[in-house]
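Please look at the sequence and the three-dimensional structure shown here, and keep both in view while reading. The paragraphs below are meant for someone who meets this structure for the first time.

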Amino acid sequence: MKNFIFARKKIVFILLFIIIFLVGKYFLIDSKKPAPDSAIVRKGDIKEELTLSGKIDARDHATITFGISGKADWVGVKEGDWVKQNQGIATLEKETLEAILRQKWQDFTAAKAASDKYYSNHPGNSESYDQKIERTGLDAAQNKAYDSIRIAQENLKAAVLDSPIEGLVVTAEPSFAGVNITSLNSGYEIVNPSTIYIKANADQTEVGSLKKGQAGTIIFDSYPDEKIIGEINNISFAPTKDETGTVYSVKVTLSNVDNKNYKYRLGMTADVNFITKERKNALLIPLKYVNSDNNGKFILAGEDKKKTYIKTGLENEQNVEIVEGLLEGNKISL
């Protein structure tokens with residue numbers, strides 16, 4: 001019998017302890033937690049951020065083509081080669097072009113001789129109308145022959161392609177000699193990987209919060225776990241063409257990246273995140289609690305959900321800064 005009474009007392013004691021624990025937990029902890037549809041005004045740090053999307057381009061980036069047609073006589077590069085500035089890339093057969101140039105010199109010599117003969121036979125200043133026409137025609141023929149020489153010389157120069165920059169050959173068409181070439185089926189693209197940058201677009205409503213030298217965090221879609229520091233090198237003065245709306249080109253250079261291993265490649269896409277404004281120890285509430293009407297922004301405050309108008313400051317996707325209308329510790333509801 002005594003054991004039975006003792007067991008009952010023990011059970012009562014345990015139940016009493018559980019009840020006291022739950023009551024204490026409610027008053028000390030749970031009662032101070034906001035309900036799922038409510039929140040407490042608290043202090044914290046807030047940042048306004050702007051994210052721009054872009055892709056890799058390069059400062060030293062050139063595509064060169066033959067300006068004339070002909071047959072490839074020599075091709076000195078292939079895709080993946082590294083070339084120096086002014087290094088030869090390819091040439092066209094020159095025999096025909098050199099023959100044309102010689103013919104143009106002969107035409108010029110003949111035209112000049114005819115012109116010199118006229119002036120030798122007409123030393124005076126007076127000439128008839130017919131003589132004036134004859135002289136003008138001879139002068140025009142000489143000038144035309146000279147211009148033809150210049151064109152033939154330029155065509156001969158155009159038969160040689162040199163690289164205007166140092167860099168990596170990423171396209172080489174054609175990659176071998178002996179094929180007929182036009183400006184439409186030939187091209188050599190050269191890029192210097194150490195001069196890459198992010199080319200992004202900013203809307204006219206966003207560009208005012210950006211400035212040259214401003215730092216940002218770059219995250220590439222190819223390397224989502226890596227963060228690289230970038231810096232705005234230039235913001236275009238004129239809007240970008242062929243875009244919907246008014247947007248401006250923003251050039252963001254990559255800090256402390258040499259890219260010798262070609263890790264970051266032309267065309268890779270990335271997001272660049274800029275902190276445009278920041279406030280420390282500000283009064284904050286979740287953004288979803290803010291409402292608005294014709295009189296301004298308001299929240300529902302207190303247990304009675306009183307409509308209270310507020311003045312806000314910085315905001316991001318999660319929180320908004322309270323400038324006027326609430327105090328730290330105030331309860332708000334949806």
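What follows is a walk through charged side chains and their places in the chain.

This is a predicted model, in which local features need pLDDT of at least 70 and side-chain atom pairs count only at pLDDT 80 or more, while totals for chains, interfaces and linings use all residues. Residues are numbered from 1 along each chain as its sequence is written, and side-chain values use heavy atoms, with hydrogens and water left out.

A search of the whole structure finds 14 salt bridges, a salt bridge being a side-chain nitrogen of Lys or Arg within 4 Å of a carboxyl oxygen of Asp or Glu. One of them joins the side chains of aspartate 116 and lysine 112, with 3.0 Å from N to O. These two residues stand 4 residues apart in helix α2 (residues 95–121), and about one helical turn separates them; helices here are DSSP runs of H or I with at least four residues, strands are runs of E with at least two, and both are numbered from the N terminus. Aspartate 116 is partly exposed at 38% relative accessibility, and lysine 112 is partly exposed at 35%, where buried means under 20% relative accessible area, exposed means over 50%, and partly exposed lies in between (1.4 Å probe, protein chains only).

Another salt bridge, at 2.8 Å from N to O, brings together lysine 263 and glutamate 226. This pair links distant parts of the chain, 37 residues apart, since lysine 263 sits in the loop between β14 (247–254) and β15 (269–286) and glutamate 226 in strand β13 (residues 223–235). Lysine 263 is partly exposed, with a relative accessible area of 24%, and glutamate 226 is partly exposed with 30%.

Aspartate 293 and lysine 307 also meet in a salt bridge, at 2.8 Å from N to O. Here too distant parts of the chain are linked, with aspartate 293 in strand β16 (residues 291–293) and lysine 307 in strand β18 (residues 306–309), 14 residues apart. Aspartate 293 has a relative accessible area of 28% and is partly exposed, as is lysine 307 with 42%. Elsewhere, a network of salt bridges links Asp45, Glu278 and Lys280.

Finally, Asp73, Glu93, Glu95 and Glu98 gather on the surface in a patch of negative charge, for which like charges are joined within 9 Å among residues with over 30% relative accessible area and no salt bridge. Aspartate 73 belongs to strand β4 (residues 70–75) and is partly exposed, with a relative accessible area of 44%.

How values were computed. Patches are made of residues with over 30% relative accessible area and no salt bridge: like charges are joined within 9 Å, nonpolar side chains (Val, Leu, Ile, Met, Phe, Trp, Tyr) within 5 Å. Accessible areas come from the Shrake-Rupley method with a 1.4 Å probe; for residues, only the protein chains shown count as cover. Lys and Arg count as positive and Asp and Glu as negative; His and the chain ends are not counted. The place of a charge is taken as NZ of Lys, CZ of Arg, CG of Asp or CD of Glu.
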